[in-house]
Amino acid sequence: MSRGMNKNTSIGVVKLIQGIGPTIDWNTKQNRQLVEAILTLKNAEEAELFIRDLMTEKEINEFASRLEDASLLSQDVQYNTISEDTGLSSTTIARIAKWLKGSLGGYRLVLSRISNHHTPSKLRKGLSLNS
């Protein structure tokens, strides 16, 4: 049995994780420290300060675009509209759609907790996450 699997691990979950890439070892000192650092932030100002110190402006914009992409996908907006709105490639959008539909649930969790969802002006039906 591979690392991270047990007798209850479904084949679908294994294929999804393999498709996304190698699993992240959250138990390394650096990864634990990153998660703990994020959990210490008390408000938006602290988060902005930390994110700006941690990442370049380009990285911040890329991650913000990915979150916006996930939000738009959850609203069934078409890939081409998302690409026009966020500047992300269709490959990146497809990857985010895969993660959004996947069992890990990080995007879904965050999107459910964000109080102000952006509604795009060009909202069109497209990808269905329920198919």
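Which residues in α2 meet which residues in α3? The notes below take up this point after the basis of the model and its overall make-up.

1. Basis. This is a predicted model, in which local features need pLDDT of at least 70, side-chain atom pairs count only at pLDDT 80 or more, and totals for chains, interfaces and linings use all residues. Residues are numbered from 1 along each chain as its sequence is written, and side-chain values use heavy atoms, with hydrogens and water left out.

2. Overall make-up. The protein has seven helices and zero strands; from the N terminus on, the order is α-α-α-α-α-α-α. Helices (H or I, at least four residues) and strands (E, at least two) are DSSP runs, numbered from the N terminus.

3. Surface and contacts. Of the 131 residues, 20% are buried. Here buried means under 20% relative accessible area, exposed over 50%, and partly exposed in between (1.4 Å probe, protein chains only). Among contacts (heavy atoms within 4.5 Å) with a separation of 6 or more, 58% join residues 24 or more positions apart.

4. The α2 and α3 pair. On the α2 side the meeting residues are Leu34, Ala37, Ile38 and Thr40, and on the α3 side they are Glu46, Phe50 and Leu54. By type, the residues of this contact divide into five nonpolar, one polar and one charged. Ala, Val, Leu, Ile, Met, Phe, Trp, Tyr, Cys and Pro count as nonpolar, Asp, Glu, Lys and Arg as charged, and the others, Gly among them, as polar. α2 packs against α3 (residues 44–54) at an angle of about 150 degrees, with the axes 9 Å apart. Axes are lines fitted to C-alpha atoms, for helices over the stretch in contact, and angles run from 0 to 180 degrees between N-to-C directions. The two helices, α2 and α3, are therefore roughly antiparallel to each other, a term for angles over 145 degrees.

5. Aspartate 25. This residue sits in the loop between α1 (11–20) and α2 (29–40). Aspartate 25 counts as partly exposed because its relative accessibility is 35%. A polar atom of its side chain lies 2.9 Å from the backbone nitrogen of asparagine 27.

6. Aspartate 76. The loop between α4 (57–74) and α5 (79–86) holds aspartate 76. Its phi is near 65 degrees, a positive value in a residue other than glycine. Most residues other than glycine have a negative phi. With 17% relative accessibility, aspartate 76 counts as buried.

7. Serine 65 and threonine 86. Serine 65 is in helix α4 and threonine 86 is in helix α5. Serine 65 counts as buried at 17% relative accessibility, and threonine 86 counts as buried at 16%. Not counting residues up to four places away in sequence, serine 65 touches Thr86 and Leu88. With neighbours within four places likewise left aside, threonine 86 is in contact with Ser65, Glu68, Asp69 and Leu72. The side chain of threonine 86 also reaches the backbone nitrogen of leucine 88 at 3.3 Å.

8. Isoleucine 60. Helix α4 also holds isoleucine 60, which is partly exposed, with a relative accessible area of 24%. Leaving aside neighbours within four places in sequence, isoleucine 60 is in contact with Ile51, Arg52 and Met55.

Conventions: A polar contact is a pair of N or O atoms within 3.5 Å; within protein, one must be able to donate a hydrogen and the other to accept it, and residues adjacent in sequence count only if both atoms are side-chain atoms. Angles under 35 degrees count as roughly parallel, over 145 as roughly antiparallel, 65 to 115 as roughly perpendicular and the rest as oblique.
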